[in-house]
Amino acid sequence: MPESDARRYGTENIVWADQRGLPVSPTAHLLKIGGNQMRTLLKQVRPLLERHGHHSEPLPVRPVDPCDLARYVMAAASTAT
């Protein structure tokens, strides 16, 4: 992922989405980055997170389109601690 993309969207936001089990392609679309860029970042970061006990869990719902995903993210972000 180019450095400008990582800085612009914050690696932590991408990891946050992954830790909540959000699908990569629609999430990448919402963040306006390439799906391959997001997959590459996650491939690098997941082993580090797992080593420290952080594991993503599947979503309790299956978003059908980016609008469903956006609604889920907004609800999850408002309840995140």
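Trainee: Before anything else, what counts as a nonpolar core here?

Mentor: A nonpolar core is a set of buried Ala, Val, Leu, Ile, Met, Phe, Trp, Tyr and Cys residues joined through side-chain atoms within 4.5 Å. Keep in mind that this is a predicted model.

Trainee: OK. Which residues make up the largest nonpolar core?

Mentor: Eleven residues in all: I14, V15, V24, A28, L31, I33, M38, L41, L42, V45 and L49. Helices α2, α3 and α4 each supply at least two residues of this core.

Trainee: Which helix gives the most to it?

Mentor: That is α4, with five residues. Helix α4 covers residues 35–51.

Trainee: Stepping back, how many helices and strands are in the chain?

Mentor: The protein chain has five helices and zero strands. Along the sequence the pattern reads α-α-α-α-α.

Trainee: And how much of the chain is buried?

Mentor: Of its 81 residues, 32% count as buried. As for contacts between residues at least 6 apart in sequence, 69% join residues at least 24 apart.

Trainee: D18 is an aspartate. Where does it sit, and is it buried or exposed?

Mentor: D18 lies in helix α2, residues 11–19. Its relative accessible area is 4%, so D18 is buried. The cut-off for buried is under 20%.

Trainee: What does the D18 side chain pair with?

Mentor: The side chains of D18 and R46 are joined by a polar contact of 2.5 Å. With residues up to four places away in sequence left out, D18 touches L42, R46 and S56.

Trainee: Which residues lie nearest its centre?

Mentor: N13, W16, A17, L31 and V73, out of ten lining residues.

Trainee: Which helices supply the lining?

Mentor: Helices α2, α3 (24–31) and α5 (66–79) each supply at least two residues of the lining.

Trainee: How does that lining split by class?

Mentor: Eight of the lining residues are nonpolar, two are polar and none is charged.

Terms used:
Residues numbered from 1 in each chain as written. Predicted model: local features only at pLDDT ≥ 70, side-chain atom pairs only at ≥ 80, totals over all residues. Heavy atoms only, no water. Helix = DSSP H or I, 4+ residues; strand = E, 2+ residues; numbered from the N terminus. Buried < 20%, exposed > 50% of the residue type's maximum accessible area, 1.4 Å probe, protein only. Polar contact = N/O pair within 3.5 Å; in protein donor to acceptor, adjacent residues only side chain to side chain. Contact = heavy atoms within 4.5 Å. 1 Å grid on protein atoms, 1.4 Å probe; cavity = no way out; pocket = protein on both sides within 12 Å on 5 of 7 lines; lining within 4 Å. Nonpolar A, V, L, I, M, F, W, Y, C, P; charged D, E, K, R; others polar.
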